[in-house]
Amino acid sequence: MNAALSRSDFIRLTASFAGSLVLSAGADGCSKPSQTQQGLVANDGFSPNVWLSVHPDDTIAFVINRSEMGQGVMTGLPTLLAEELDVSLSKVTIEVAQPEASYLYPGQKEMNTGGSTSMRDSWLPLRQAGATARAMLVQAAAKQWGVDPSTLTTNVGTVVDASGRTATYGSLATAASQLPVPQNVALKSPDKFRLIGKTTVQRPDAPSKVNGTAKYGIDVVVPGMKYAAIARCPVFGGKVKSFDASKAKAVKGVTDVVQVPTGVAVIAGNTWAAFQGKSALVVEWDEGPNAQLNSEYMFADGQRLARDPSKGVVALQRGNVESVSGKAIEGMYLGPFLAHATMEPQNATADVRADSAEIWAPTQAQTRALLRTMKITGLPAEKIAIHTAMLGGGFGRRLQSDYIEEAVEVSKAIGAPVKVQWTREDDTQHDFYRPMSVNAIAAVLDEGGRIAAMTHRIVAEATGREYRPKQFGQAHGIDGSALRGITDAPYDLPNYTVTYIEKEYGVPVGSWRAPDANWNTFVVESFMDELAHAAGKDPVEFRLAHLQPGSPAALALKSVAQRAKWGERRQGGIYQGAAIMVWNGSVGALVADLSMNGKTPKVNHVTAVVHIGTVVNPEIVVAQVRSAINFGLSAALTGKITLKNGRVQQANFDTYTVLQMADAPSIDVYPMPSQEHPTGIGELGLPGIAPAMGNAIFAATGKRIRRLPFSDSLA
């Protein structure tokens, strides 16, 4: 394989790295950063997105442009580089990039981490960077020894000639940095991979997470730092009417009380004093127009809209659903708001000065944090540093920068560095939630039991309005994110209409792991099960009859059915449910084995088959699928955020419960063999578990559940 690299894609020798070979590499088609339009400063003429340096001491420095939140980018991405460079992964040190234009991938406008895109976007650029560096080191050795470069090979950080003579990369770095950059480099063929696809590659971040030395945002301490807790209005959209700080200031350790856009900040010498001061603070709120908001009203309103044919915008239309007749089946599905419930509550540390600002935060969205800091402080981008800490869970919550903005506001107000620390209650009651959704779905079966027509009407808030306002406007009110798992479902339906109805209730919403597909797949796959039973067909065979033969979805479903022994009579009251899942080019299928203890379901085992292109690290793939299944199972069983009188009724893990270890199923994961471009694995395992579980509950009880969580519907 050859990868063409233009001059603008490659290399500069930087004086500050004297004696080192320093490379930056971009992919073909890398365009000028658009951040200039947003107030950022572009670099000096080209837009690289990777930085690699080979130092004389044989260490390799890699600046990564993604956040590590448990998904393994600090293992997977360096593996690409180390594979082509031919070095040990243990030789690669990692530093997280600043949100500069240099580190954007083609087509991206922000530095962020989400959507299972890290491996997909990095697959070629990082391999090209490693292969080009290796080629230059080989050329340097050939020049030094007076031989043809084609006679030389490399072996884990050394260049070797036919006689056995060797030179380390570090010893060649200075000479290599003086050479012209090759325009074309050959990438390894898959049969030559030494690291990619191997189970022997261990995660370098694992030991520090196990022994407690890993530094998360909550661990950040800077000299002279103060601590802040913020009282926020219990009703979304409410504001401070007045406040009395006297009781808060009477708490030992409290030094300041200041009003900020999101509420009133209590500043102290330690976190506990800040929390105590916040509890003592007296605030009168203007609760605004959402003070009477209730969940049951929203669900009733959503069902009214879903049934009203005058509402909505047609997002997909195939064939003519009005032209067919047959056996009609319909269902109304209701999904609740969900919180992210990251183990590490939101926090950020800021040091805002007259001429500079530094931020330390566990963030998925560095560019957004930078832009918001620029707006608050009035400082240019080059005067602001964003330090990315390890994330104690992200799941989309940390694509928002509200907690960072609070730290910047407070630091600016008091003229000192400060850490804003949220409590678990703050986190649960002031999240950007997975939108609630109401779905009206209907189908007609022909005489042969096939789907002749289907209609699907979705009522949900648009998360895309905030993230992608331009695209949202161009789509005439259709939020593409809200349709994931529906318009990209793999089924071959000749007559099919999808209608989107945007409805905003005043509750802040945002991306939640496998955004929108996490709910939409429950609707589609549960309804496919309904149709299969209505047609008198086996659910797996029914799905296969509506899939293209040989497609990834069909192959995954066949494979998982075989591995899970689908259709074989199980012992001990075990019932099975199946589902197909898709996410952003990744495809999979799973089967849940479930038992019932009275009205309480328990998923005992899950078998999953995934098609994600080339598997870079098999252990991470298995871990991600298991993680996503347990995350989705937790939400399906008990997850819900409800509102009464404008207030979120859940607060901590006693009222917003998550899956207990004793309830976690055993999970077998089987990646399908592939040499195709990787498509991403962080989200894929989640969307399928709720419908597979619901379908297994139907098999066990005959009860079709169309409203989550299961704990409410089975009570």
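Does Trp 123 count as buried or exposed, and at what relative accessibility? Trp 123 counts as buried, because its relative accessibility is 7% (buried is under 20% relative accessible area, exposed over 50%, partly exposed in between, with a 1.4 Å probe and protein chains only). The model is a predicted one, with local features needing pLDDT of at least 70 and side-chain atom pairs counted only at pLDDT 80 or more, while totals for chains, interfaces and linings use all residues. Residues are numbered from 1 along each chain as its sequence is written, and side-chain values use heavy atoms, leaving out hydrogens and water.

Trp 123 pairs edge-to-face with Phe 193, at 6.5 Å between centres and 85 degrees between planes. Trp 123 sits in helix α2 (residues 118–145) and Phe 193 in the loop between β9 (184–186) and α4 (206–211), so the pair ties together parts 70 residues apart in sequence (helices, H or I of at least four residues, and strands, E of at least two, are DSSP runs numbered from the N terminus). Phe 193 counts as buried as well, at 11%.

Trp 512 and Phe 631 make a tilted pair, with centres 5.0 Å apart and planes at 45 degrees. Here the loop between β23 (496–502) and α13 is tied to helix α16, across 119 residues of sequence. Both Trp 512 and Phe 631 are buried. Elsewhere, Tyr 333, Trp 519, Phe 522 and Phe 710 come together in one aromatic cluster.

The structure has 5 cavities of 30 Å³ or more (on a 1 Å grid over the protein atoms alone, a cavity is a set of points where a 1.4 Å probe fits but cannot get out; lining residues have an atom within 4 Å of a point). Of its 15 lining residues, Arg 434, Asn 518, Ala 635, Ala 636 and Leu 708 are closest to the centre. Helix α16 gives the largest share of that lining, 3 residues.

The second largest cavity holds about 60 Å³. Its lining includes Gly 485, Tyr 491, Glu 525 and Met 581, and α13 and β24 (575–583) each give two or more residues to it.

Note on methods. On a 1 Å grid over the protein atoms alone, a cavity is a set of points where a 1.4 Å probe fits but cannot get out, and a pocket is an open set with protein on both sides within 12 Å along at least five of seven lines; lining residues have an atom within 4 Å of a point. Grid points are joined across faces, edges and corners, and a volume is the space filled by probe spheres set on the points. Rings of Phe, Tyr and Trp (its six-membered ring) pair if their centres lie within 6.5 Å; planes under 30 degrees apart count as stacked, over 60 as edge-to-face and the rest as tilted.
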